[in-house]
Amino acid sequence: ANVATEVRGGPAIPTRFGRSDAASSEESVESQVGRLPDGDKGVDHLRDIFHPKGFSDRDIVALSGAHTVGKCHSDRSGFDGAWTA
């Protein structure tokens, strides 16, 4: 996201990678199921995923809109090509 921001004319954002809430993978959650939305579902699905995490509809729109920059990778999402035409 920080690279996309800079490429689109925004500021360079220094980024520190890595989780600060877990020292190893053994401390992570057991299942990733339901943690992120599926790409082929609608707004109700987005709300089901993000409202329990404290996101408002406005937050969801901002997050979803940011994901329209770039392209899909079939090995990660099952979709291939540009997010938007």
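**Overall layout.** I started with the secondary structure and got four helices and two strands for the protein chain. This is a predicted model, which I kept in mind throughout. Reading from the N terminus, I noted the order of elements as α-α-α-β-α-β.

**Burial and surface.** Next I looked up how much of the chain is buried: 9% of its 85 residues.

**Contacts along the sequence.** I took the contacts between residues at least 6 apart in sequence and checked what share join residues at least 24 apart; that share is 9%.

**α2 against α3.** How do two packed helices get described? By the angle between their axes and the distance between the axes.

Then I listed who meets whom. From α2 I have Leu 46, Arg 47 and Phe 50; facing them in α3 are Asp 57, Ile 60, Leu 63 and Ser 64. Sorted by class, this contact has four nonpolar residues, two charged ones and one polar one.

**His 45.** Staying in helix α2, I picked out His 45. Is His 45 buried or exposed? Its relative accessible area is 16%, and the cut-off for buried is under 20%, so His 45 goes down as buried. Leaving aside residues up to four places away in sequence, I found His 45 touching Pro 37 and Asp 38.

Key: Residues numbered from 1 in each chain as written. Predicted model: local features only at pLDDT ≥ 70, side-chain atom pairs only at ≥ 80, totals over all residues. Heavy atoms only, no water. Contact = heavy atoms within 4.5 Å. Nonpolar A, V, L, I, M, F, W, Y, C, P; charged D, E, K, R; others polar. Buried < 20%, exposed > 50% of the residue type's maximum accessible area, 1.4 Å probe, protein only.
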